[in-house]
Every structure is written in structure tokens, then in C-alpha cells.
Amino acid sequence: SHMEEDNAGDIFKSLSGGVVDVETEAFVSLCGRRFNSKLRVRGNILCVQATSEAIEPLVFVLVKHQVLKAEEVDGHPEFSHGFIIQFRNETLTVFLREKEERERWMIKVATASHDMAQAELDELSHRLFAASNGENGVEKGEEKTTESRQGSSSFEDFFLTNPCTIQHKFSITQKPGVPPRLITYSETIAESKLSIALPLEFVKLYKQWTTETIQQIESFERRCPAHDEPSRQELSRLLRENSETLEQTWEFLSTYSGPSFRKSTEKRRVAFAPVPTNLHYQRFGPLGGEERHVLSAGVAAALPLRFQSGGLPKLRASLSLHSAYTDAIFSAKRCELFEIKKLIGALSHKLETEWPSDKERERLDKLCVDLQAGVKQVYARLRDVETGLAGVERHVDSLMDIGHSPDTLRNQIDNIDAMLVSLQTKIAVLDSLMESPSELDSFARNTRESMAAVLDALLSLCSSLIDAQQLGRLRSLARSADAAIYVHIVLRADFVFSQASTIAATAVMSRLQQSWPMNGDKPADLLLLVWSWISCYGDERGMIEDATEAWRAVSSRLLIRIVRAPSSVTRTVTPLVAGSRHCVVVSLPLPQDFFDSLPAALKDPTHYIRVCCSFWSLGVNHEATIGYQFGGVAAETATNQAALSDLQNYANTRSPQSAAAQEALAELQVVVRNEPSRKNMLLYEWAMAAATALEGELVVSCKSGKDRTAMGVTLEQGRLMRQASGLNATQAAEVVDALRKSGARREVCRKNIDKAAYSFSAFQMHFLPKSFRPPSGTFAHGLST
């Protein structure tokens, strides 16, 4: 209802003196009177000032009113679009010129309320409160944040795509008498362009490796003993099946045009096997404050290949294959033998081309010493390889029996030992004859022949070891079942290594936006803390086994280098992959201006980035509870104890450590010692805190990288908000619930299954830790995951 006329004028004057929300000219009908007027709204106060008649200003408080559309217009052609404001005792009809203007006014008047006005007052009082407490630098801080985001967003666009940004405004209740504290919180989630691009490069490399291995095995046909021929043929056949799988995968990925991630509903598709599931980059933080980021993904495991016999470690254990013949070590030893072969060729070339003529005898002594040192080095390296090859003597003897080795291994070694002693004696005599030219010529020729004979013997030994290594692998896989398991292991290991390396490369790119961790004046290795919310029961146990080996392989076999993009107009990252099974090098080109701004030590072309991984796992669902009852906690305990050891080893390379890092590591050690499994949520909090303090990158994962991962990421957001904004535990829990209701993680659900809902059932909720349960209304049972 309108107020009394005597104070309505005063109220009107006080309101009209300030900033009004909306103002317009209108034709008004009230209590049988019709007149032109000006309308103003501020908060939930509506002011009507007549312009065509001498009427006191009218003030209406918009409470418990209804807004209706009025289609009938009587007597005023200029104002033809009306609406009705129905109060308890009277009706105000307003006619406006434009239809669109009527719609805006109807919405404004309908939504005006005491609660709305109170909220606006609270926001105003918060600004005044913040200013009175020395926070008047907020505006400046926001400006800085905007600038930094502009600088980083161009680089983010270089390796990320399809970003989604959501802003939240939280009103934090404070002590009585103090206005609520408003926090504007922003989160951005995006896909990694490396998700598809890098696995495609890996598949190309895997095809090359497989083709080379098949050629090696087929070329060995002429040197293979007859009773080992079936093993050679079977291994060649199985590797061709791998090659076909890789070819189909390459065809699929090279023509793929979908989003830059593998959907959780596609996690069992073989053509997607080298691609990490649901890889996303998420950045978050309060506006004007420090931002953090985290990667989320499905666990690095070969889901499409299933887990009938477990994951990689269990499969390797069932094979009883000597470590010398496993894929990575076999590759390393083979590369070493071919490097030695090249070195022998270089020494032979030096002997042929640099042997001095009669007029240059003064160079003879130095050349002989250099050649002798090279021969000793080659022989020592050959002996190192020979001692690491299981059953090598037996294999060389078999090759000798069919005429593909000049002698037994022991005889070859004894012969070379004798030749080296003789050569050393001759070089010593040659040195003493430097003053006797008449005897020097014939003795020099004899020394040269001895040197050539030693190099020939070393070359023969090297060739024998190369063939013996191939024969040793064939005999280790003589059973057809063993060969099938071995070839399956190779394919599975390649797929999970591609997934883990893609996640690691994305982590390197996201870290490059910030200050790179330094160890003194040199860039430090990058710490990658990988957390998985999967149990040690059923298939998920096999997934943990796959992931454990994948992240160990990344730590030991992956090298990442950053290079300057060849073109100044490059707008997207184009990775390159090279190397062998025991050492893979991923090259990540960066925009020229960004690369030039990096520290000199990081731009050094000889510097390779190693990723030190700490892989943790904690089951939280009902399967974890079943696993604790039937399978025990040994596997989970061992995983987390190994992860703590990896984390401590990395921390020991950093000096000095911050006080926060020391505290987090000490607390984490206590937690792991007391209970390293059984849904101990303190493990997660302290492990993440330790990695953050050590300037590491964080990866959160589960089977699909969607539901349990969402709970874990929002928990981490709550922990960081407690640090950045000074929230207490209760307030942080409420913020986490709000993020789970309306945050970016529900967008990930929608992108995967077309529904913004987490896939949990009411049954599962009883087994989840309280801090891990999604709010009511955000989860559903039976969703495709």
C-alpha cells in the first residue's frame, strides 16, 4: 500500500536524491484517477511522481504484491502496453510505451522484495566494512588479477581448449554485529589439447617399435636353431596382432574430431586405450587472491584390455620372465650393444685412416694409447652386458653349433683376454723402439695387425651377444601361453605409459605458467602427486597395479623438454615423441614470446625435465569396504608407503625446504605410520598439503575421473579456501557442498553422460566418508558412467 502523504514527499526526496535502479515515463491509473507520471524503483520502494496533474508523490513498498499483464488500454494511444500491480487493498495500473520496456519493468517489480533489498544493503555494508579494515586495496588487487589472467590465458589457450568459467558469491557469517563477509570465487575447467595429440604421437612411435621388433625376429630366422623356430614364428604372429591393433588405433585417433578428452562412457573402447580418460585442467581461487589448479583424470589403466589376470605387476609375476628379457630392459641392452658396435666401427676407421706414415712416426705412440683405451672401454661394456643376460653362455653355444658364432662365449672371452695382454706388451715394446727406426717399421705393422684382430674379435663377440639376446627371449617364451602374455604386457604397458605421459605433459604445461620449482640456480625436477580414489578389490585392484607401473615408468623412462616453436604464429601445442622403450623424449614447443621470457636455465637445450611421481590410492566406496573384509589392506598399504617414500626422496633433493613442507611431511609420516589405508581421509589432506608446499602438481583420479574425482577435487578446493580465505572447518564444508551443487564438476558430468548428476546410489552413500558425500539432489543411481 502507499504511505501517508505527509511523509511520502520526504521519503521520495531522499530516494530521488540517490541512484535509482530504474526510471521511466508512464501513464498511471490509480483509484479512478489517470495521469502521466515518472516511475522510479530503488530496492523494494516504488515511487510515482505525477507530471500532468498537481498530485503529491506516491510511495509504494513492494511487499506481498502480484504483477499481472494488462492488455486493455483505454484512452491513451501513446502508452499502449500495460501491467497491473495488485496490492492487498488497491490496484496500480501502469502503461508504458514499448513492449520490451513493459517486460523489463514487470520482472523488476515482481522480483523486488525485502530480501532483495536486504541483500543489496549487506553487500554495501560489506564494502564499507572491508574498507574500514584496510581492505580498500581489493579493487587494485582485482585489476592485477585481471592482468595476470590475460597474460596466462593466452598461454592457457595454447594448450587448453573449451574452457568453462563459473563464479560463485559466498556470504560468510561472522561474529554478531559484523556484516556477513562476501567472497567471490571463480573456477575454470578446460580440456587439454594434449589429450588426443600426444597419444597419437605415442601410437606412431609404438607402431615403429613393433615393426622394428617384427623385423628383428624375422631376420633372425636365418640364425635361429631349428627347435626354437616355432617360438620365433609364434612371437612374430602375436606381434603382428599388436601391430594391427595399433594401426586401428592410429586410424581412429588421426581422424578423431570430437572433444579433447575421452568420455567416461568410452573408457572401454580399445581405440581410445592410449588416451587418458576425462583429462581436465581446473583453476580456482577467490577473485583478487591466489589461484591454484589441479588436474583430474581417470586412473591410468588399460581398461579396454580387461583384468582377467590382473594388472601389469601381476601379469609379469605370472610370466616368470628374467628381467633381462622384459621389454624396457631388453631394449636398453640391445641399444647398448648397437652403441658398442658403432664404437668398434669408429675405432676400426680410426685405425685405418689415422695410422701414421713413415714420416709421421711421432704420432704413433699417442694413437696406440688412444686406441688401446677405446678397446678396453668397449670390452668392459661388453662384459657388463654379458653378465646381465640370463643363460647367455648356453645361447651362444647353440649359435656356435649351427655355425652362427665363431666359438663358445667362454673361448671368445679367453681369446680376447689373451689378445689384450699381447697388445699391451706390443705397445710397450713399440714405445721403447721409437728411437730405433730400423726395427720400428716391422714391429709397428705387427702391432697394427694385432689391434685389427682385437677389434674383429670384439665385433664378433658383440654380434654373438646380439643374437644370444634374441635367442634368450625366444627360449624364455617357448610356451605359447607365455608368449601371448608377454605380447599382451607389451601392449598394455605401452597404452598406460601413453596415458600417464599425457597427464604428466599437461602438468608440465600448467606448471610453466607459474614459477618453475628451482633447486638453487637450477630448475628442479617436477613433483607430480597422483591420487586415486579406487579400491583394491576386483577390477579396481588391477587398475591400481596398472597405474603403479605406469607412474613408475614415467619417473624412470620419461624425459620432457621444452623447445621454442619454429613459427611466431603458432597457436596450439604440437608435441613430438621419440626414443626407445627404455627412454622416451617428449618435446613440447612453446610460443616464441613465452619461451623467451622463461629463465635461462629452463631454456637450456641440454636440460630435460624429469617428472617424479608419487602415486597414492585410497578406496572410499562399498567395494573398498568389501576389499577390507576379504582382501585385506596389504595392497593399499604398500601403495601408500611406497608413495610416501617417493615423496620423501623428492623432498630430499630440495634444499632448503619451507617450514610448511617440513610440517606437512612430518604430519604425513605420522598418518601413514598410524593408518595408511581404511578410508583414512587425513592421508589425502596431508599428502596434498605436502605436494603443494613442495611446488608440485596435483592429479586427482578415479575409475572414470568423474564422480569420486569430483568429490576429491572439491575437498581440495575447500582445503585451499581455508588457507586463502581463513574459513573455519564448518564454513569450508558448506562451501564444498555449494561447489558440488553448482560448481564446474557437475559440468564435467554433463559433458560425459549428458546429465549434470553424480553416479552414486543411496546404497553407496552409507559407505562413503561423510566429507565425501554429495549433497542431496545432485546424485542418481543407474546412470551410465
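**Helix packing and confidence**

Guide: In this predicted model, helix α7 (residues 312-319) packs on helix α13 (residues 480-512) at about 155°, and their axes lie 10 Å apart. Axes are lines fitted to C-alpha atoms, for helices over the stretch in contact, and angles run from 0 to 180 degrees between N-to-C directions. Helices (H or I, at least four residues) and strands (E, at least two) are DSSP runs, numbered from the N terminus.

Visitor: Is α7 roughly parallel or antiparallel to α13?
Guide: Angles under 35 degrees count as roughly parallel, over 145 as roughly antiparallel, 65 to 115 as roughly perpendicular and the rest as oblique. The angle here is about 155°. Therefore α7 is, relative to α13, roughly antiparallel.

Visitor: Is the crossing of α7 and α13 left-handed or right-handed?
Guide: A crossing is left-handed if the near helix is turned anticlockwise from the far one by less than a right angle, and right-handed if clockwise. For α7 and α13 the crossing is left-handed.

Visitor: Is α6 roughly parallel or antiparallel to α13?
Guide: Helix α6 (residues 229-254) has its axis within 9 Å of that of α13, and the two cross at roughly 25°. So α6 and α13 are roughly parallel.

Visitor: Is the pair of F27 and F95 stacked, edge-to-face or tilted?
Guide: Rings of Phe, Tyr and Trp (its six-membered ring) pair if their centres lie within 6.5 Å; planes under 30 degrees apart count as stacked, over 60 as edge-to-face and the rest as tilted. This rule gives 19 aromatic pairs. For F27 and F95 the centres are 6.3 Å apart and the planes at 40°, so the pair is tilted.

Visitor: What pLDDT does the protein chain average?
Guide: pLDDT is the predictor's confidence in each residue, from 0 to 100. Local features need pLDDT of at least 70, side-chain atom pairs 80 or more, while totals for chains, interfaces and linings use all residues. Residues are numbered from 1 along each chain as its sequence is written, and side-chain values use heavy atoms, without hydrogens or water. In the chain, 89% of the residues score at least 70, and the average is 84.
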